[in-house]
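Subject: Model for you to look at

Hi,

Here is the model we talked about. Please open it and read the notes below alongside it.

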Amino acid sequence: MLGTFDGGHRSFGPDTDRRFSCIFARDSRATELLNGCAVVSAAGDRLGRVHSILVDARTRQIRYVMMGTHPAGALVALPWHALYFDAALGRLVFYTYG
């Protein structure tokens with residue numbers, strides 16, 4: 001889904017109802033800490049790195065992490081509730097079901 005820029009944030013959805021805002025490292029202390037953070041599978045396989053964070057514009061809660069994949073560099077939205085921050089190794093772990 002394509003977004004529009006609004007004051008440095010990328011908003012997703014129809015222009016009349018901007019549900020999500022894309023926050024980059026320069027915009028928030030929390031996203032500054034996660035920017036560039038490695039994302040791995042539950043098995044430890046490297047999936048990519050955090051590019052930005054999608055926040056619900058109404059509730060201001062994190063909903064998705066935008067991850068740049070390797071080697072193609074495509075952006076993939078990962079649901080925040082499916083991620084765990086492994087503080088010991090400084091990375092996000094993506095748990096898939098199945």
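Strands here are DSSP runs of at least two residues, labelled E and numbered from the N terminus. By that naming, aspartate 56 sits in strand E5, which spans residues 46-56. Keep in mind that this is a predicted model.

Aspartate 56 first. Is this residue buried or exposed? Aspartate 56 is buried, because its relative accessibility is 0% and the cut-off for buried is under 20%. Leaving aside residues up to four places away in sequence, aspartate 56 touches Arg19, Phe20, Gln61 and Arg63. A polar atom of the aspartate 56 side chain also lies 2.8 Å from the backbone nitrogen of arginine 58.

Next, the salt bridges. How many are there? The count is two, taking a Lys or Arg side-chain nitrogen within 4 Å of an Asp or Glu carboxyl oxygen.

Arginine 63 is partly exposed, at 30% relative accessible area, whereas aspartate 56 is buried at 0%.

Another pairs arginine 91 with aspartate 86. Here the closest N and O atoms are 3.4 Å apart. Arginine 91 has 21% relative accessibility, so it counts as partly exposed. Aspartate 86 is buried, with a relative accessible area of 15%.

Best wishes

Methods. Residues are numbered from 1 along each chain as its sequence is written. This is a predicted model: local features need pLDDT of at least 70, side-chain atom pairs count only at pLDDT 80 or more; totals for chains, interfaces and linings use all residues. Side-chain values use heavy atoms; hydrogens and water are left out. Helices (H or I, at least four residues) and strands (E, at least two) are DSSP runs, numbered from the N terminus. Buried means under 20% relative accessible area, exposed over 50%, partly exposed in between (1.4 Å probe, protein chains only). A polar contact is a pair of N or O atoms within 3.5 Å; within protein, one must be able to donate a hydrogen and the other to accept it, and residues adjacent in sequence count only if both atoms are side-chain atoms. Contact means heavy atoms within 4.5 Å.
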